[in-house]
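Visitor: Hi, I'd like to walk through this one with you. Can we start with how far to trust it?

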Amino acid sequence: LAGASLPPVVLGPPLDAMLRGLFGCKRPSSEVSSSAASRRRISHNGSEDLVALLPERLPDQAAEAARVLGLAARVVGEHEFGRRALDCHWGLKRRLYSMLPDAVTASERSAEVRRATHRLLERMVSKGYAASARDRCRLVAMGAWRPALFPLWDSWASACDRSVAVRLYAHLAEHVSFFDDFSGTHSDFWDQKVFTSWLAAADFVYTDIPDAIDADQWEMSCPELESVLKTVGCFMIFWINEKTSSNFDVDIAQVMPLLIGIVDTVAKFDSRLGRDIASKTRGDILEELVRLCGVLTQYILNKYDDSETARTCRRRTQEAKRQAGLLLNFLVRVLMLEIPTCVQKAEAVAPGPGAMPVDERQMESEWIEGLHEHCQSTNDDEQVVDPKVLEAMFVTLARMPVEEQKYRLECVSPLVPPFVASFADQLRQNVVPAELSDLKAVINSVFQDDSSISSDLLEEISFYPCLLDFATKRATIHAVCERQKLQGSSSEPIRLVVPRDNVLDGVCTTLNLQNQSARIEVPLEIEFRSGYADDTGNELVDEGEDQGGLRRQWIDRASRYFISSDLFLSPSEDAAHLESSNGLPTKRGARGVIYVPSSETVCKCVQDDWEEQFELFGCILGFAILYKETVPVHFGHNFLRSVFGLKTDAQDLLPLLENVDTTLHTKLKYILDGSYRQLGDTIDDALEQSNLPKVFAINESHCPELVHNTELKPGGDKIHVTEENKEEFVLLFLDRLLISGVAKQVECFRRGLLRVVPDTIVQRIAELMCVKEIELMVCGSEEIDVDDWERHTQYENGYTPESQPVRWFWEVVRSMTVEQRAALLSFATGSSQVPSGGFRFLQPELFTVQRVAVTDRYPEAHTCANTIDLPIYASKSELERRLDFAIREAGDAFGRR
């Protein structure tokens, strides 16, 4: 610019102002004065001419006053107040407000003036001359609402005038807000008769919305519905807080048609258009509904408190209960709205599910609880809330995200037990009626995600276990166990230091099993001795701090030790002829095998301290339950039923035997149904062919030189089995085999279990779960689904599912045998069992494959974190060779390379 020869350019005002500001130049005084004059012209914007059309005071004659008011309405209708302060018709607005007191006074004497004033007020509101709270306060104070509402009492008024009157009252009601203290002011405006008249006409006005509207039209309709809710809320607040509230008595039934109509309208259009409008607009209605619900709840509960001070007034109590029932049904309807309440609040008001203030849109769970408790206090058996409404609510909840389900289920939790109890007969037969199918889906969704929600509700629902999925039952037990662990977390941990090749060395002494009444408090920590010494001769301890992995390994190895001994047997294996070496089973412990305790006579011959050993195994199972681990042993269902206190009837024995010994089960059924007679055989022939005793005495061991026959009844060795007594023989045989023959073992095992797990938790397990579910929870699943394993695996330090070593790893796993996969799982996690429910329930973390930037090391395992360190091998064969060596040679040793 300096010294440049430029052609003259005429700059526009914006660019001129920008350049002057950039170079610090002042505007010429002529321009300043010209601008000020222009601004004065803009500010008036013709207001002087408009004001001149209207007199300062209304004429006294009614006809002339109506003419002036009509002229004012026409002027206002043609000139909007304005949006910018400099453009607004301030003079016209002041003239209108100076005329209105005279108009209100004149309207009391003349219907013509009343209609003209009504029309003027409608124009003022629609054109922005009464938009602020101050404007509305002035109109209410001068009584302008009276002519505004006259069509509500005029039988000759048109439907259009009535609609305008309803909207004007709601608009003027917003001269106060929910948070203002307006008690005692303008009581004539909040008069009950006035409000009742408004209520009678408001329902049709606000809910008559055409079906074929678009999202933008619905977005403009939402503030109108919100204003109605504010009006009702402010009316209730005024009279609840008023000193004369003792004379206030509004029937909730009068308000309900309007409120239900609004909720139904919101539900109808929000489901279709809610996601296309601003989130704030969408949620403001719900916020007002929640506030109004709180006010109405307070009003009803106050009614109960008043009636309780005068018990003689039974009619008042019954009336309060009726209104409480109406309100409870309405609260449930509000909870059915699918407007999000649990999404984090965003600053923007863009369309979509964002911008959700969490607490302002959620009603207090105590509201429904308080109302329901008062209703139940009348000792009536009838359900307060319509079952059809609850059923519809759970249909809606089943479509919502789990966070929304949690909040809403917690609110209605007092209503669920009576609703469920109405189907008690079907539920006791383990039949879930169609009316409860959605409730079942919601309950399981919520409690699987967080079983601490509504624990009282779960306590009630647990009487009908068929409503709960296995995953829900397990999550419930795990939550109870977590609370138990927290109670014992303040105590000093029990630390067991044991060698890997004898994991029970000194454990009985450490756990103080000699003291019959001593309880074992968690936490439990494990240290493994390495089996070799340092230069000074001191035995070394394996590396690694016990954060769960070492404890898991100890539980796994200790359980395998017991089933390798003759204290337990598998009926499908010959317990008397098994060999073992190095303390680990050779043939026993195969996957898919069922184990039961050996008979008491066998246990006495096998081990002197057999009772203490069973008690120790019970402690190990207790640790597994508390720490959400599994044991690599599948117990017979008869044993588990006895340990957990499940009742076993005579008719249950034969089905239980099928789980334990299918071969023996087939033989006994063959004897009972008499199929041998079709072949021409006698019962003696059938017993001999089945290798069963012919008298009421059985041999409980394959070593008759150690254990002699046991009589099933006194003198049984002399009583022959005949057609007449074969049923008695089978029943006594089953009882000895499954119940009485292992009663002492069960007693010792259960005593050890109860040392670790409180009896209340054991009872809880028995109430919630059947024996198959108990087995699945404590024993896990032996089936290793590689697809499920891979699907619930995470990768760290640069590995992804597409990394070449990762792809080779899963190819190798798929080519493994079942036993090799179990060994790999034990190597990585400390347990060869898959958690019940699959790999997504692996504790404490999902299985992880971690990248190690070397090529000459073996894979390492971190069982506490369920992690394998997998080096970057050059080929699949190299990976397979080193992984196989690590599993076979290192076993489940922590950090072994």
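Guide: The chain averages a pLDDT of 81, and 82% of the residues score at least 70. pLDDT is the predictor's confidence in each residue, from 0 to 100. This is a predicted model, where local features need pLDDT of at least 70, side-chain atom pairs count only at pLDDT 80 or more, and totals for chains, interfaces and linings use all residues. Residues are numbered from 1 along each chain as its sequence is written, and side-chain values use heavy atoms, with hydrogens and water left out.

Visitor: Where is the pLDDT below 50?

Guide: One such stretch is residues 29-45, which has 11 contacts in the model beyond near neighbours in sequence. Contact means heavy atoms within 4.5 Å. Over residues 574-589 pLDDT also stays under 50, and the model has 28 contacts for them beyond four places in sequence. Where pLDDT is low, the predicted coordinates should not be read in detail.

Visitor: OK, new topic. At what angle do helix α16 and helix α17 cross?

Guide: Roughly 160°, and the axes of α16 (residues 387-397) and α17 (residues 402-412) come within 11 Å. That makes α16 roughly antiparallel to α17, a label for angles over 145 degrees. Axes here are lines fitted to C-alpha atoms, for helices over the stretch in contact, and angles run from 0 to 180 degrees between N-to-C directions. Helices are DSSP runs (H or I, at least four residues), numbered from the N terminus.

Visitor: Which residues make the contact?

Guide: Met393, Phe394 and Leu397 come from α16, while α17 brings Gln405, Arg408, Leu409 and Val412.

Visitor: And is α17 mostly covered or mostly open?

Guide: Mostly covered, as 8 of its 11 residues are buried, that is, under 20% relative accessible area (1.4 Å probe, protein chains only). Among the buried ones in α17 are Tyr407 and Cys411.

Visitor: What about α6 and α9, how do they pack?

Guide: At about 55°, with the axes of α6 (residues 111-126) and α9 (residues 159-173) 11 Å apart. In the contact, His118, Leu121, Glu122 and Val125 of α6 meet Asp161, Val164, Ala165, Leu168 and His171 of α9.

Visitor: Last one: where is Ser437?

Guide: Ser437 sits in helix α20 (residues 437-449). The C-alpha atoms of Ser437 and Ala398 are separated by 9.7 Å, though the two are 39 residues apart along the chain.

Notes:
Helices (H or I, at least four residues) and strands (E, at least two) are DSSP runs, numbered from the N terminus. Angles under 35 degrees count as roughly parallel, over 145 as roughly antiparallel, 65 to 115 as roughly perpendicular and the rest as oblique. Buried means under 20% relative accessible area, exposed over 50%, partly exposed in between (1.4 Å probe, protein chains only).
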